[in-house]
Amino acid sequence: MLCVPCNKSQLSSFVGSITNRSSMMKLIDGILVDTTELPRESEENDTPSEGEEEEEEEYSNVWKCSGANGSTCDNPGVDSRCVHSLYGNNQLTESEAKQRIGPNVEGGIVWYARILPDNYNEGGKLRILQTKDYDAASSAPKPRRKMPFPLTASQFTSSLTRVGTPVVENTAEAGYDDLWDRDVRHNVKNLSITNDDPPRWVLTGVVNGWPGIRCLEVQKIETRETTGLLSHSLLSRAKGWTTSWSVKKEGKEGKDPAYSKKDEKRDVRVKLRAPEWTAHGWSKESPGFVMWVEGAKVGETNPPLKLTYGTNLVSHFKCNEEDDPLCTNVHMVSHRYALGKKAETQKDKVTYHSFVLLEWDHQKYCTVIEIGFNNGLGGYRCKSNWYHDKNETETQLYRAYPPEMIMPWKDTMSELRCHNVPYATMNAFKKGFLEKYEGPNERFVDLHYTFSHEVRLTYNSRRNIATYLLNYIRRDCTYNDMRRNCQTFAADFCGFLAGKKDVQPFHPINKIQYITQKHKFLYESSKYKTSTGRKR
């Protein structure tokens, strides 16, 4: 999280740099960065930095699926490392699609896709799609791009299944004959018959090689100008998007998602909504954005990793009381991130990340716990600072990741990450790992060990800890640069486990708006709802 410099001259320089570049700066997991330097969630296809382009291009070299020379895939989306898409040949029946998409309610995560004309590469000249998003070797858009995800018009339409019944069809079923329907005194707008099952269009498959994006509901189609003098002017930007089709208007009348012929030369995007449960977890059966990675133990070299997430953690950790490890000590550590050959700017020098380390009575491992952007690891090929193989092309963590967790990150939502590390105590972890990777060309800079205390909580087993974390994230899974971030979580969790009321975030600027949320660890989140179903 952002921290304030103490020196007056440094503060003046820092404020100046913030003011001059405020539109390009963003806090990511406690790091203040220039947003032009990292891939990010966006409804626009902004030009990436050179580093981002390299990251996205490497996907094709990470994993070779089964098939002819690894260029095809027998089952896209089954393996987290598979970057193949799936469109068209997997249409579901209406009942199957309805079951997958769930009830017609607001709340599901929203994604955007860019619809390309089928002849977008006619004559070797790209239309709509930018060169950086095109793979010449496969003559197709590159996989796992940021929003809006590119797909062709035929891929889009061939992957849709309609569920529900338009108002006009309901009228006919109610016994009104065709003559009545054509009567000029009556029209669809004047029908008094209500439709409890309005039509919806469900897109199924694997969208742009993201295994976690498989079932979406079409909300609307929008277009905007892309050619002529206006396309790159302020006037064009102000003009914005024009709605060509909406599920609440044209869709209600039974018209399939479409746009006019003239719009084929325009920029076309479609708003897609995932099932409602996606706002609460990575699967419907196991809600809760908490993941726990096991496998690492003292004395073992490169063991296979296993990842469990959501409410499945409670049953996964269920065992005899004497076999359930107890949490004995809790620590808070804060640091800046190493930038390698890149020189630290003023803002880099005042930006810190905080995490919590837990010790257990069995001393077989410790556990690192931190909060970050939702899908922050799944959207970045599972590269984590807590493993030695972070810089390998394919990490152990990547192999352990379930495919449903591979999606672009959401910087307004959060997830809790728990990683067992093969060290018995905080001191061993400090000497054997943190100090090994400390330095401007490593991972951590300016490490601070700001809090250590025994755990005084009565119910402090591993299963208890998992339950507390689930309560905390399910009650509030938002992420906010100032009020809910890595440092505020670390303060909440340390204070909760140690029974201390004065634990604060690492740096002064975080303390300004900090209000402890320790109570959220204790209570069952599903019981905190109003009569309208909204969480309180």
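This is a predicted model: local features need pLDDT of at least 70, side-chain atom pairs count only at pLDDT 80 or more; totals for chains, interfaces and linings use all residues.
Does C82 count as buried or exposed? At 2% relative accessibility C82 counts as buried, where buried means under 20% relative accessible area and exposed over 50%, with a 1.4 Å probe and protein chains only. C382 is buried as well, its relative accessible area being 1%.

Residues are numbered from 1 along each chain as its sequence is written, and side-chain values use heavy atoms, with hydrogens and water left out.

Staying with cysteines, the count comes to zero disulfides, a disulfide being a pair of cysteine sulfur atoms within 2.5 Å.

For the protein as a whole, buried residues make up 51% of the 536 residues, and there are 14 helices and 18 strands, taken as DSSP runs (H or I, at least four residues, for helices; E, at least two, for strands).

Now to one helix pair. The axes of α12, residues 462–475, and α13, residues 486–498, come within 13 Å and cross at roughly 140 degrees, on a scale from 0 to 180 degrees between N-to-C directions of lines fitted to C-alpha atoms. The two helices are therefore oblique to each other, since under 35 degrees counts as roughly parallel, over 145 as roughly antiparallel, 65 to 115 as roughly perpendicular and the rest as oblique. The contact, meaning heavy atoms within 4.5 Å, involves I465, Y468, L469 and Y472 of α12 together with F489, D492, F493, F496 and L497 of α13.
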